Amino acid sequence: MWLLRYIWASPTTLVGLGVALLTLISGGRVSRHTGVLEVSGGFATWALRKLVPLPNGALAMTLGHVVIGRDPAALDRTRTHERVHVTQCERWGPFFIPAYFLASGVAWWRGEPIYRGNRFEREAYAVSG
């Protein structure tokens, strides 16, 4: 069953592997933790600060079975939250990224914050506090 979850989530994981490669090339690090690649530093830090449309960017982000973080401390701090997103990726498979953006659009349409009103983020925060 675990193999099917990895295969189903693989389109999103492939995006994460691209970020992991850019991170390694730019001096970052990659490690494995509980079946997930964790990536930090280098390109990952820059991308989370500059490409995520939130004030001050994000500390971490999940792309399938790859979690990118600004640094190892950010990965430690956000691990429970990001593992919820890993499970969501396993559930939604190739539809995760479009569904995530659609959920932000629905939140905006309802007058809610596009990040904290997103159903995927609400679920992750409910688990991680």
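Q: Which residue takes a positive phi in the hairpin of β3 and β4?
A: It is G64, with a phi near 70°. This hairpin has 2 residues between the strands. Keep in mind as we go on that the model is predicted.

Q: What makes β3 and β4 a pair of strands?
A: Pairing asks for at least two bridges between the strands. Strand β3 (residues 60–63) and β4 are joined by 4 bridges, in the antiparallel sense, so the two count as paired. You can trace the pairing in the structure: L63 has V66 of β4 as its bridge partner, and A60 stands opposite G69 in β4.

Q: How do you know that strand β2 and β4 are paired, and which way do they run?
A: The same test of at least two bridges applies. Strand β2 (residues 36–40) and β4 share 4 bridges and run parallel, so they pass it. One place to look is V39, whose bridge partner in β4 is I68.

Q: In what order do the 4 strands of the open sheet lie?
A: The order is β1-β2-β4-β3, and the pairing is mixed.

Q: Why are β1 and β3 called edge strands?
A: Each of them pairs on one side only. β1 covers residues 29–33. From one strand to the next, the twist averages 25°.

Q: Which strands does helix α2 touch as it packs on the sheet?
A: Helix α2 (residues 42–50) touches β2, β3 and β4. Its direction makes about 75° with that of β4, and because angles from 65 to 115 degrees count as roughly perpendicular, that is the word for this arrangement.

Q: How does α3 run relative to β2?
A: α3 runs at about 140° to β2 and lies across β1, β2, β3 and β4.

Q: Which residues in α3 meet α5?
A: From α3 they are T80, H81, V84, H85, Q88, R91 and W92. Their counterparts in α5 are R119, F120, E121, E123, A124, Y125, V127 and S128. By type, the residues of this contact divide into 6 nonpolar, 5 polar and 4 charged.

Q: Why does W92 count as partly exposed?
A: Its relative accessibility is 30%. Buried would need under 20% and exposed over 50%, so W92 belongs in between. W92 is found in helix α3, and beyond its neighbours within four places in sequence it contacts W8, A99, R119 and F120.

Q: What makes E90 buried or exposed?
A: E90 has 17% relative accessibility. That is under 20%, so E90 counts as buried. E90 lies in helix α3, and leaving aside neighbours within four places in sequence, its contacts are R5, W8, A9 and H65.

Methods:
Residues are numbered from 1 along each chain as its sequence is written. This is a predicted model: local features need pLDDT of at least 70, side-chain atom pairs count only at pLDDT 80 or more; totals for chains, interfaces and linings use all residues. Side-chain values use heavy atoms; hydrogens and water are left out. Contact means heavy atoms within 4.5 Å. Ala, Val, Leu, Ile, Met, Phe, Trp, Tyr, Cys and Pro count as nonpolar, Asp, Glu, Lys and Arg as charged, and the others, Gly among them, as polar. Buried means under 20% relative accessible area, exposed over 50%, partly exposed in between (1.4 Å probe, protein chains only). Axes are lines fitted to C-alpha atoms, for helices over the stretch in contact, and angles run from 0 to 180 degrees between N-to-C directions.
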